Amino acid sequence: MKLDLHIHTTYSDGLLTPQQVVEQAKAIGLNTIAITDHDECRGFGDVKDETGINIIAGIELSANFFGEVHVIGLGIDWQNKNLLAHVESQLQSRRRRAEAMVLKFRDNGIEISMDEVMDECKGEVLGRPHFAEVLVKKGHANSTKQAFAQYLNKDAKCFVARGKVDITQAAKLINDAGGKTVLAHPGLISGTNWNALSTQLIEFGFWGIEAYHPAHTNGQCRAFLSFAKANGLYVTSGSDFHGSAKPAVQIGQEHRGGKYLFTSAAALSEKS
Ligand code: AMP
Ligand code: FE
Ligand code: FE
Ligand code: ZN
């Protein structure tokens, strides 16, 4: 089985539309994919499923647990009312944050308008990658990476925080929408926070962890696999494909999972 359970589209900060993602997945021989945009799930509605591959409706929620963590929902009812209300409130919070960032850029002598940022954003989920695109186009940075380092990272000049839900609320939103809750790229969480979080994942309503992600070393993949097996959790695998925001990552490129990943994929496709 070839699968990719973590893919971004133009509905958040990805390069390809949901339909283009499906077509590319088909072209490279994947048979299961999940569309997991940041704080957005409506992209699934744009898929015209004519390819014969299994397409899972998903979302990647930004949440708080002593800092930002990402929580993936797989197999959600993407039209669930509470989930869509959350999507809407995050869109507004991101819009307010973008407006505050425009002012911060102005204070730092850089004129960027909301229209310019919105032109880079094909959907409605305004994010820092869209600012990065404008900065590069206007010659204020040479690359997305540099734009983040100089202006957009948490400790950089023009960073503005945005509102996020607590991790337990994120899991509840997903579970209540009929989805399975998965901790995204646990290897990107600090050691201290992982130690605190790992013992509570089941209690918080998590179904699995994304053991296989391009940012993980082989050692981390193995450690997360053993952890999941020992703690009654499933594992998932995803490329976290974005396109231009992370140009080195391609759809379907994460393929380190073995037997237990297939067990997890089978459990994922069972109706709960
Ligand atoms: P936001 O959703 O506005 O908080 O922006 C977060 C998104 O920015 C992440 O999902 C990544 O796609 C992207 N990102 C974060 N850090 C970097 C970086 N250093 N270089 C490129 N993209 C980044
Ligand atoms: Fe992103
Ligand atoms: Fe993420
Ligand atoms: Zn992601």
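Okay, some housekeeping. This is a predicted model, where local features need pLDDT of at least 70 and side-chain atom pairs count only at pLDDT 80 or more, while totals for chains, interfaces and linings use all residues. Residues are numbered from 1 along each chain as its sequence is written, chains are lettered from A and ligands numbered from 1 in the order in which they are written, and side-chain values use heavy atoms, with hydrogens and water left out.

Now, the metals. When I say helix or strand, I mean DSSP runs numbered from the N terminus: H or I of at least four residues for helices, E of at least two for strands. Asp-13 and His-38 are both buried. For the record, buried means under 20% relative accessible area, exposed is over 50%, and partly exposed is in between, with a 1.4 Å probe and protein chains only.

There's a zinc ion too, ligand 4, and 5.1 Å separate it from the iron ion that is ligand 2.

On to the other iron ion, ligand 3. Its protein donors are Glu-60 (OE), His-70 (ND1) and His-185 (NE2), lying 2.1 to 2.2 Å away. This iron ion is 3.3 Å from the zinc ion, ligand 4, and Glu-60 coordinates both. His-70 lies in strand 4 (residues 68-74), and His-185 lies in the loop between strand 6 (180-183) and helix 7 (191-198), so the two tie together parts that are 115 residues apart in sequence. Are they buried or exposed? His-70 is buried, at 15% relative accessible area, and His-185 counts as buried too, at 8%.

Next up, Asp-240. You'll find Asp-240 in the loop between strand 8 (234-237) and helix 10 (259-269). With a relative accessible area of 3%, Asp-240 is buried. Its side chain has a polar contact of 2.9 Å with the side chain of His-8, and another polar contact, also 2.9 Å, with that of His-213. A polar contact here is a pair of N or O atoms within 3.5 Å; within protein, one must be able to donate a hydrogen and the other to accept it, and residues adjacent in sequence count only if both atoms are side-chain atoms. Setting aside residues up to four places away in sequence, Asp-240 touches His-6, His-8, Glu-60, His-185, His-213, Lys-246 and Val-249. Touching, or contact, means heavy atoms within 4.5 Å.

Something about the backbone now. Most residues other than glycine have a negative phi. Asp-240 isn't a glycine, yet its phi is positive, about 60°. Phe-66 isn't a glycine either, and its phi is positive at about 50°. Phe-66 is in the loop between strand 3 and strand 4, and at 64% relative accessibility it counts as exposed.

Last stop, a pair of helices. How do helix 4 (residues 128-137) and helix 5 (residues 144-152) pack? Their axes are 9 Å apart, at an angle of about 105°. Axes are lines fitted to C-alpha atoms, for helices over the stretch in contact, and angles run from 0 to 180 degrees between N-to-C directions. Helix 4 and helix 5 are therefore roughly perpendicular; under 35 degrees would be roughly parallel, over 145 roughly antiparallel, 65 to 115 is roughly perpendicular, and the rest is oblique. Among the residues making the contact are Phe-131 and Leu-135 of helix 4 and Phe-148 and Tyr-151 of helix 5.

Note on methods. Donors are N, O and S atoms within 2.8 Å of the metal (3.2 Å for Na, K and Ca); water is not among the atoms, so sites may look incomplete.
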